[in-house]
Amino acid sequence: MTQCPVCESEKDYQRIGQHWSNSKSCDFPYPSESERAVFTGIWLAGGTIAETGNNPLLVKTTKYKQALEWIAEEIGVWHSTIKQGSNSGTLAEFTGKQTVHKNKKWRWTSVSCPWLQHLVDASLTDDFVDFSPRAARIFTSFRGTVNNSGSLTVWCPDASTFADLLADHGFEVTTHTYEDRSDLLWFDRQTTVEYLDWIGGPIPPLEMKFKED
């Protein structure tokens, strides 16, 4: 059973977004600060905004099913489904390279949410994109890894903008750009320790990517 946080009705909602959309007395709630941080972190980590129907929803595809299950718990009422996707497709989370992988892929979808409209045409320089520790934790967990020397590397689409954003929070990083893959952010060992402490470490299902061999 799912309880609507607005009208407090408790039903077996198949799509609670439709309840909010169709109800005359119950409107879409505004996501909490914690929920907005999860949305933002997923978006930064390569999630896509799907503009279907009256309100957009957020989609994240990955091979890490347990990470999506963690997201589902954290996002609460805004979680819709986790479904198995195609057995092959592009994946840039681990190496930054848009190559075809045969790994089983999973697709997480949120409930439609009017607040997500802010992210449709957003950039990292927009004031409403809050790079909070919680959002940074999710972004880094999906896009980053710690190498054998104990340095954090993070693949992202625009390293220079992310570097400026990190500098605003006191973290100086080195950037590398490539023609055939995403950009790379590189943290030295000391900055790695300080940054991972600031975000609270990676999310539990992806901790294995942050352990030195």
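C156 counts as buried because its relative accessibility is 0%, where buried denotes under 20% relative accessible area, exposed over 50% and partly exposed the range in between, with a 1.4 Å probe and protein chains only. The residue lies in strand β10 (residues 152-156), strands being DSSP runs of E of at least two residues and helices runs of H or I of at least four, numbered from the N terminus. When residues up to four places away in sequence are not counted, C156 touches F139, F162, S182, D183 and L185, a contact meaning heavy atoms within 4.5 Å. The C-alpha atoms of C156 and T177, 21 residues apart along the chain, are separated by 9.8 Å.

The model is predicted, so that local features require pLDDT of at least 70 and side-chain atom pairs pLDDT 80 or more, whereas totals for chains, interfaces and linings use all residues. Residues are numbered from 1 along each chain as its sequence is written, and side-chain values use heavy atoms, with hydrogens and water left out.

F139 also takes part in the contact of helix α2 with helix α5, which is made by S34, A37, V38, T40, G41, I42 and L44 of α2 and by R134, A135, I138 and F139 of α5. Helix α2 (residues 33-44) and helix α5 (residues 133-143) pack at an angle of about 30°, with their axes 7 Å apart, the axes being lines fitted to C-alpha atoms over the stretch in contact and the angles running from 0 to 180 degrees between N-to-C directions.

Over the protein chain, seven helices and twelve strands are assigned, and 47% of the 213 residues count as buried.
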